[in-house]
Amino acid sequence: MAVSSVKLRTLYIMRILLEKTDERHFMSAADIGKALAEYGMSADRKTVYGDIETLNEFGMDILQAKGTNGGYYIGRRDFELPELKLLVDAVQASKFISRKKSEELIKKLESLASEHDARQLQRNVFIYNRPKTGNETIYYNVDQIHAAILDNRQIRYQYAEWTVNKKLRPKKGGEFYTVSPWALTWDDANYYLIAYDKEADFIKHYRVDKMQQAHVTDAERVGKERFQNFDLAEFAKKTFSMYGGRDEEVTLVCENGAAGVILDRFGKEVSIIPIDKEHFRVRILAAVSPQFFGWVTGIGGKIRIAAPLSVQKEYREYLMNIIKKYTM
């Protein structure tokens with residue numbers, strides 16, 4: 001057999017084992033020989049043994065199960081099945097990934113498991129029960145943002161909004177935004193660019209799926225000093241659903257039953273101060289906005305804004321404006 005054919009045979013055995021075996025499914029040397037025949041190759045048992053030894057020396061974890069129905073199988077893989085399930089669930093839950101791209105990504109993830117385990121990852125039906133973006137340019141946008149960060153350059157783009165006709169329309173009459181990108185983050189199933197706006201002298205965030213005509217500029221990034229002590233986790237905690245607002249230290253008085261809600265949102269580092277047997281007080285940093293008020297309202301009467309009085313007043317006005325819409 002030619003040297004090239006010998007090399008190909010070893011590679012085909014690697015493919016066969018990766019695709020068809022796992023800790024519950026084995027292949028004997030004879031089984032591997034039959035599978036090779038489908039690729040137009042032949043090998044006796046001794047040859048298969050030698051190729052498997054070569055693959056083990058290469059670093060593959062090929063194990064052998066003893067017994068009547070035993071055989072060879074792949075032990076350790078780059079990704080375990082539970083890890084792949086987590087990744088598939090993340091793809092399915094991501095609104096910023098289109099249905100088409102979700103299916104493509106899941107197929108690629110399936111290829112990292114045996115064909116038997118891949119069946120457990122085939123849960124594509126759930127994709128159609130979740131809202132998905134129709135904007136395929138998000139992948140290009142992400143690529144441009146990463147390129148800009150890597151090359152220390154600013155990025156320029158139009159920012160769009162949805163119309164009642166379900167179309168994305170550029171805001172500000174198609175005006176281009178120019179910002180210095182510093183990070184990408186995922187919040188509330190959406191992908192966001194965290195950037196410094198020099199003109200406004202402010203750190204801002206933008207939905208990546210709403211960016212259009214994105215391209216890297218020749219201008220160097222600015223605002224590095226603003227990000228030296230920037231904590232992305234803290235930014236996400238105070239910014240509700242990534243809607244901006246002015247930063248305020250807000251004191252909340254909460255029923256004890258709301259402790260889990262507070263800890264889930266603001267982390268275990270927040271100080272919880274008991275008031276009585278049924279209530280506690282907590283001070284948090286929040287971006288005061290309608291989204292923050294909506295979050296408080298969604299908890300019901302279990303949380304009350306205690307201070308500052310200016311935020312209390314804003315919250316009352318927020319509630320009154322809603323109530324007016326339901327006044328008969």
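Analyst: Helices and strands here are DSSP runs, a helix having at least four residues and a strand at least two, and they are numbered from the N terminus. On that basis F79 falls in the loop between β2 (71-74) and α4 (81-93). Please keep in mind that this is a predicted model.

User: Why is F79 called partly exposed?

Analyst: Buried means under 20% relative accessible area and exposed means over 50%. F79 has 34% relative accessibility, and therefore counts as partly exposed. Together with L87 and L112, F79 makes a nonpolar surface patch of about 230 Å².

User: What makes the contact between R207 and D209 a salt bridge?

Analyst: The rule asks for a side-chain nitrogen of Lys or Arg within 4 Å of a carboxyl oxygen of Asp or Glu. The closest N and O atoms of R207 and D209 are 2.8 Å apart, and the pair is therefore counted as a salt bridge.

User: Are these two partners buried or exposed?

Analyst: R207, at 18% relative accessible area, is buried because the cut-off is under 20%, and D209, at 3%, is buried by that rule too.

User: How do you know that E104 and K101 are about one helical turn apart?

Analyst: Both belong to helix α5 and are 3 residues apart, which means a separation of about one helical turn.

Note on methods. Residues are numbered from 1 along each chain as its sequence is written. This is a predicted model: local features need pLDDT of at least 70, side-chain atom pairs count only at pLDDT 80 or more; totals for chains, interfaces and linings use all residues. Side-chain values use heavy atoms; hydrogens and water are left out. Patches are made of residues with over 30% relative accessible area and no salt bridge: like charges are joined within 9 Å, nonpolar side chains (Val, Leu, Ile, Met, Phe, Trp, Tyr) within 5 Å. Accessible areas come from the Shrake-Rupley method with a 1.4 Å probe; for residues, only the protein chains shown count as cover. Buried means under 20% relative accessible area, exposed over 50%, partly exposed in between (1.4 Å probe, protein chains only).
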